[in-house]
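Hello,

Here is the structure we talked about handing over. My notes on the side-chain contacts follow below.

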Amino acid sequence: RKDGLQPNCVTFNELLDAAVTERPDSMWGIVKEMQACGCRPNHVTCSIVLKSVSKASRAQEVERALAVVDSMEEPVDEVLLCSVCEACIRSGRVDLLAQQLERQKSVQIKGAHSFGSLIRAHGALNNIDGVWSAWRDMRGRGVLPTSVTLGCMVEALATNGCVDDAHNFIREQMADTQVRPLVNAVIYCSVLKGFSHRKRFDRVWEVYEELKANGLACSIVTFNTLVDACARSGDMARIPGLLEEMAAQNIEPNLITYSAIVKGYCQENRLDRAFELFAEMKKATDFKPDEITYNTLIDGCARLGMFDRGMSVLREMESVNVPPTNFTLSVLVKLANRGRRPEKAFQLVEELSAKYHIRPSMHVYNNLIHACTAHDSYPRAVETAEKMFRERVRPDTRTYMLLLTAAVEKRCKDDVAGFLRAAAGLPGAHERLVKAANGGSLKPSGGLTREVVSQALEGIAGPCSDEALAASLVCELRRAPGVSVDPKLPMRLASRAFGVASP
């Protein structure tokens, strides 16, 4: 600049790339200077800026990064679209992801990797129709998937509750001679995990036997998934047999294996045994406990309401430079709640979020709301939900279930109606949530279950004593897309109104 030479886009891109790697806080100053020099961002600029987006990125930072993409003169291509999708998914901003996909519908997708990103994006949006549409589009164009594309497809189905469809999909690919060699045990793991998380443990072991029968080589990931299933199901008697199978295949247990076994003991409330294994692991192996191990022990303490012991685990975690994560925050809130110290829950989240640059997740906010409702602090629960929406953190079914249950208990019928309308995307949504969201979506990921809707409406008709409002809401909710209303509910409400036992 001193020599009278004007920097161009290539110069700024080099500076941005170095900043993202070495000094992320200086990146936006470079972007501002770039704009002041009249240099418009190009594909490379946008890719570099999007690379800076992470789980810890604040809502405004993600929006700012996408604004750089919007200011580009060139059209978005499939590579940049993939970068946009991945950035939105990493940061948990599925609301922005939906907007970006809508804007970029004209982008031509041709590569298997790009189709994989598109499938992941639709999966993150709980859009199963979009997942299948992307897959059929890819196959219709004659594009052969890669193992990664197959993995994205199975993961999108399994994480959205379509585990049986994911399993059938794998079987269909195994029947295709072109695709069969691309299927591996890692892809099967998404199905194993899906069945395990839905407590269908008999299916976990059936799929494992199928995996072996197909001659697929198991990895440590496979065995860790199975050990985790044992922990979730309380079937710790299977652990010795799995460890023997691992030894026979020359697969050494790793830190995740030990952590899963510790988790199993915690799930069985055998906390002393969990701490013994933890001590043995530190003494007899070279493994350094990670945040998963520490989180598991804190969660075990939370289950038994052992606040002081859980806090000692946190202190050790920090002393060995293992940074807490969002999951740590969620179990610490649970620990404080079960230990009857709700104020400590908010204090821990505030202090650790600032110290470790964590953007609290949906699960953290849900646990904070639960801490409020469990200790008779309904106004603070609503305030916490407001903050959640201001931070552009998307709620889920549990968020609304907690709010609705608390509102019914407090006989706040207008709040119950407002929460239901907010979750359904109807007019008349809760004013404070609408204001906090500031144009953002109020709908929960996964929608509202029929049970939650029924309990809320029966709460309005019963404890809140307003059958007319409940009946009106039934009509409104029936017209709302994606909301399921129990067809027997109107009869139950009518029976309640006339004091007749419902059939």
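A residue is called buried under 20% relative accessible area, exposed over 50% and partly exposed in between, with a 1.4 Å probe and protein chains only. This is a predicted model, in which local features need pLDDT of at least 70 and side-chain atom pairs count only at pLDDT 80 or more, while totals for chains, interfaces and linings use all residues. Residues are numbered from 1 along each chain as its sequence is written, and side-chain values use heavy atoms, with hydrogens and water left out.

Salt bridges

The structure holds 33 salt bridges, each a side-chain nitrogen of Lys or Arg within 4 Å of a carboxyl oxygen of Asp or Glu. One of them joins Asp164 to Arg203, with the closest N and O atoms 3.9 Å apart. That pair links distant parts of the chain, Asp164 being in helix 10 and Arg203 in helix 12, 39 residues apart. Helices here are DSSP runs (H or I, at least four residues), numbered from the N terminus. Asp164 is partly exposed at 31% relative accessible area, whereas Arg203 is buried at 16%.

Glu316 and Lys282 also meet in a salt bridge, at 2.9 Å from N to O. Glu316 lies in helix 18 (residues 307–319) and Lys282 in helix 16 (residues 271–284), 34 residues apart. Glu316 is partly exposed at 27%, and Lys282 is partly exposed at 36%. Elsewhere, a network of salt bridges links Glu63, Arg93, Asp95 and Arg392.

Aromatic rings

Rings of Phe, Tyr and Trp (its six-membered ring) pair if their centres lie within 6.5 Å; planes under 30 degrees apart are stacked, over 60 edge-to-face and the rest tilted. By this rule there are six aromatic pairs. Trp132 and Phe169 are edge-to-face, because their ring centres are 6.1 Å apart and their planes stand at 70°. Trp132 is in helix 8 (residues 128–140) and Phe169 in helix 10 (residues 163–174), so this pair ties together parts 37 residues apart in sequence. Trp132 is buried at 18% relative accessibility, and Phe169 is buried at 1%. Ring pairs join Trp132, Trp135 and Phe169 into a cluster.

Nonpolar core

A nonpolar core is a set of buried Ala, Val, Leu, Ile, Met, Phe, Trp, Tyr and Cys residues joined through side-chain atoms within 4.5 Å. The largest has 170 residues, of which Leu157, Tyr400, Phe419, Leu420 and Leu477 touch the most other members. Leaving out residues up to four places away in sequence, Tyr400 has contacts (heavy atoms within 4.5 Å) that include Phe389, Phe419, Leu433 and Leu448.

Regards

How values were computed: Helix = DSSP H or I, 4+ residues; strand = E, 2+ residues; numbered from the N terminus.
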